[in-house]
Amino acid sequence: MFKMRALILKIISLVVFGLAVSIASANNDSDLIKRFDQNQYSPIKYGLKEVVFKARVDGLESSIKERYALTKLNDPHFVVYWMSPGRVEIEVMGLPKGFDALKQELKKIIYERLEYVVPQDLSGRLRGYNFQATKLKNSDVLLKGKDETHSKAISQINLVFAADSTLKSMKTYSPSGSQIAVFKSEQKPWSHSKNVVTQVVVEGVTGIQKTTVDTSINYIAKDGFGVPQSVRTNTKVEAMTNKEGAQSSTIKSEITMSDYQINTGVAQKFFMGRDGN
């Protein structure tokens with residue numbers, strides 16, 4: 001189960017809204033990126049300075065007990081602290097002392113989903129690729145970016161935007177294979193007529209293995225902001241062979257977020273304590 005989660009994280013890290021890949025726009029195409037950012041909801045734009053919340057991973061306790069033969073766990077969960085402009089700390093609660101490697105591994109599960117809580121502008125991530133725009137027949141716009149330095153893990157990335165600047169898909173190419181992510185966005189009563197990502201479907205092929213990760217995000221309104229209540233992921237891994245009965249596996253996971261404390265000073269106090277002030 002932990003190996004599967006590691007695979008999920010590797011795939012999700014290439015998705016724009018959990019992006020670990022750096023991309024860039026040529027100057028003549030930057031207006032499209034800016035329009036996309038302007039049309040995307042982010043609580044930072046509406047006064048979010050800090051947030052603290054708890055996160056729980058469905059089935060985590062049983063997975064830890066099975067892997068480490070532990071019997072005494074006290075409701076394993078996470079407490080997440082975020083403070084502008086981007087300071088983050090994740091505490092793993094309910095585990096015995098020690099187990100530092102496990103705690104670091106678990107933190108990654110939450111960190112990769114933090115983008116849904118505090119989305120960052122796409123333009124702030126754009127480094128190192130040159131893009132060229134092509135208008136498609138259906139009025140969509142394709143931004144095709146290439147790494148001209150030949151030094152990056154991702155050699156090419158294609159972004160498809162709708163006529164209203166909504167990001168529809170992203171496809172990446174690397175020596176190990178290709179991946180495509182398809183996005184669904186909608187407006188919410190609290191999103192100030194801005195778009196909110198509600199679903200991301202990522203399909204990747206590495207060798208003869210095909211992996212499909214379908215992530216759905218459910219939101220709630222809290223103190224005038226929109227924040228995730230749950231992130232549900234359905235992952236299917238299958239072998240691409242012509243043989244009957246080819247192996248495949250599916251795993252479902254859910255992360256719930258709760259007990260949000262927004263702009264209360266709790267995160268600031270926490271970080272000041274960490275800094276010794």
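At 11% relative accessibility, His77 counts as buried, a label for residues with under 20% relative accessible area (1.4 Å probe, protein chains only). This comes from a predicted model, in which local features need pLDDT of at least 70 and side-chain atom pairs count only at pLDDT 80 or more, while totals for chains, interfaces and linings use all residues. Residues are numbered from 1 along each chain as its sequence is written, and side-chain values use heavy atoms, with hydrogens and water left out.

His77 sits in strand β2 (residues 77-83); strands here are DSSP runs (E, at least two residues), and helices are too (H or I, at least four), numbered from the N terminus. Setting aside neighbours within four places in sequence, His77 touches Lys54, Ala55, Arg56, Glu91, Val92 and Met93, where contact means heavy atoms within 4.5 Å.

Now for helix α3 (residues 60-68), whose buried residues are Leu60, Ser63 and Ile64. They share one side of α3, because they cover an arc of only 95 degrees around the axis, judged by the directions from the helix axis to the C-beta atoms.

From α3, Leu60, Ile64, Arg67 and Tyr68 meet Leu102, Glu105 and Leu106 of α4.

Conventions. Buried means under 20% relative accessible area, exposed over 50%, partly exposed in between (1.4 Å probe, protein chains only).
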